[in-house]
Amino acid sequence: MLKDHKALELDKILLQLANETTCPDAAELAQKIEPDTDIRHVERLLQETDDAFVLMAKYGAPSFYGMTNVTNALRRAEAGGVLNLAELLSVAATLRAIRSVSDWRKKSESVKTALDYRFETLQPNKFIEDRISMTVVSEEEVADTASVALAAIRRKIRAASLRVREQLDKMIRSQTYQKYLQEAIVTQRGGRYVVPVKAEFRNEVKGLIHDSSGSGATVFIEPIGVVEANNEIRVLRSDEKDEIDRILTELSREIGEFADGIIQSYRAAVELNLIFAKGQLAYKMKATVPKLNPEGRIAIKSARHPLIDKNKVVPTDLYLGSDFDALIVTGPNTGGKTVSLKTAGLLTLMTMCGLMIPAADGSEVSIFDHVLADIGDEQSIEQSLSTFSAHMTNIIRILNIADDKSLILIDELGAGTDPVEGAALAISIIEAMRTKGTRVMATTHYAELKAYAIQTVGVENACCEFDVATLRPTYRLLIGVPGHSNAFAISARLGMPANIVEHAKELVSDESTMFEEVVSRLEESRRKMEDERESAEQLRLKAQNMEKEAEALRDRAEKDAKHEIERARMEAAELVQKTRREAQSLLDELEDLRRNKQKLLTAEQKARLKAGIRDMEKASDPVHERRIDEDYVLPRPLQVGDTVLIYDIDKIATVLDVPKNGDQILVQVGIIKTRVPLKNLRLTDQKPKEKKKAAGGHRTVTKKMDSAPARNEVDVRGMNLEEALMEVDAFIDHALMHNLNMLTIIHGKGTGILRNGIQQHLRRHKAVKSFRLGVYGEGESGVTIVELK
């Protein structure tokens, strides 16, 4: 890593990134990241980080646990080598992690990201993963399920071992041999079952001596009776080893065939682990993706140094490269100047590494070819360099590298030598850097540089906010305001005797005193303006909240009003139903009266009764919107034969009679004749019908025969009961005129009001012989079939 990047503490950020990874190779890759100078590549890196951040927020982070670098083992298997059990387990764990990441992506595949091509590179291999799981139990044991032959050999070994142990158990429980044994146990030596015998009785137990204890008091003898069985076990153990070698050789060969795919998938998984670690680090830093530009323009909003506790630092705005290309930061020691310098450089380097930065949305960062820094004490005892000499050596190096694509950060420019010469040298260095087109940010104590920044176009002053009361910096950078050292105030605050501080003030030149006073007044004015701005912002927020509350109250009032209207409509509907029932009862009574007295109601009387029902309904609806237009005036007097609109029921009618006195006009609607108030009639565009008069002045009415084609069904769905009954009566008259005797009335199923009302009406109709509901195929209960007399 370049010394400039290390001076800006990029290595510490990369170490934090490495700690967020779960794979050793990903951690190593994280610490080797270098800032990229290609803006397109940086945009892609940032897009990948942002996509990982969004995916984690929606679906949680994928697990990369268990991945290890098995490239060497896979290449050896590919070349024909045999992998040991530990290597096989590592391959299986890596394949399991790759499959886990691939399955995680399938759950979120509806979201398209810049990471898709990396996920597509993953090639899960469940076949090899399962083969290893069925073969290897641990780093020391192969599973019985590895092969049929191995399972059979192990069964034989267990059976032979059981026979040997049974013989030896009988022996150690025998009264004859117990006195010869050191302990009544069966053990193994060299893979053969033996019993511990006291040394003095070694000749009493016939068999082969395999070992003795350290003290020589015990010898381990294989009794002669189990030698053959032990030999059989030894042969079976050899067969078992041969079978295991064959299994591992075959499995290694199979793994070698997939070596390229597994290695490629592992590398893609490592890169994904690093990218998701970037997303996790961004989440911890509460970071955002900045906008990029190649013009050397920096505009970072609410920037925070990522290595400083966020509770101790005030977010600050950093600007450079737009209105000015050089920024001179002044202020006291421990005032936060160096932190501001490092923040600008570190956030730029983080962006160039594809990392999101701890700043507000809308921040902008430029991509530089060189980020050069001279920060810290560069004194070198070995090279006999003073602090000043070391800084100058570093600045010379920077001047040789710098170009118009460079960002230069210098701490305490010109310090370590005579103040007058140091200030002059600092100004000259800044001008030389600006001539090359670089972006410069430097800290200093020299008042001359403050004046230089005030007088020079393209150079701006800045200072770090410092709380003299607590002697602590807030790390907030104030651009456009020169800082002052606060040396006298800090010294007095720390307990310096007042007479010393006052005498020091007297020793300062008048020009310096006046300059510091101007700076102090500027600082005081700035703080006052910020307090006023903050108060104005609070008032604005308060007004905004009041506006939202007022809108909420208005919405609630409108909602309540709608609710009340709806409630009134429901009450009106109930009242309408009640009125309809009462009106129907009235009609029934009149019909009964007609039957009893052998009298018939005229169509006009029926129409009046039904019109009365509608008037009752409208009068009973408290929220009914009247359709009568009181301002309407007929364009001319009505004449017999005019076509008019009955406005409140929206029906077309023909004028039959216009009385000389009164406003009740006799009209005909279909087959119904009724009188309607004059103000409820609207003259249509049709011309009055011509009236034919007979000789002698008598009027002759010519009835126009119905020329409509015969029809045997009528659809009354969507009508109210009164309209439906009128339509049914007209339909029956039409059928009688055409000699039809089977009719179909379509009234729908619905609530049954139309069906019941129509059927009650049909029961009383003199032309109806019978009626019934429809059957399957006719419309069932949605239609009524009528037979006429």
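Two strands count as paired if DSSP finds at least two bridges between them, and strands themselves are DSSP runs of E with at least two residues, while helices are runs of H or I with at least four, both numbered from the N terminus. What you're looking at is a predicted model, so local features need pLDDT of at least 70 and side-chain atom pairs count only at pLDDT 80 or more, while totals for chains, interfaces and linings use all residues. Residues are numbered from 1 along each chain as its sequence is written, and side-chain values use heavy atoms, with hydrogens and water left out.

**View 1. The whole chain, before zooming in.** The protein chain has 22 helices and 23 strands. Of its 789 residues, 42% are buried, meaning under 20% relative accessible area with a 1.4 Å probe, protein chains only. Take the contacts (heavy atoms within 4.5 Å) between residues at least 6 apart in sequence: 68% of them link residues at least 24 apart.

**View 2. A four-stranded open sheet.** Here 4 strands line up as β20-β21-β23-β22, with mixed pairing. β20 (713-715) and β22 (768-773) sit at the edges with a single partner strand each, so one side of each has no neighbour in the sheet. From one strand to the next, the twist averages 20°.

**View 3. β21 and its parallel partner.** β20 and β21 run parallel and are joined by 3 bridges. Look for valine 714, which faces isoleucine 745 in β21. To get from β20 to β21 the chain goes through α21, a right-handed β-α-β crossover; right-handed here means that, with the strands pointing away from the viewer, the path from the first strand over the helix to the second runs clockwise.

View 4. How much of β21 is buried? 4 of its 5 residues are, so to speak, mostly covered.

View 5. Helix α22 (residues 753-764) lies across β21, β22 and β23 at about 155° to β22. For these angles, axes are lines fitted to C-alpha atoms, for helices over the stretch in contact, and values run from 0 to 180 degrees between N-to-C directions.

Technical notes: Buried < 20%, exposed > 50% of the residue type's maximum accessible area, 1.4 Å probe, protein only.
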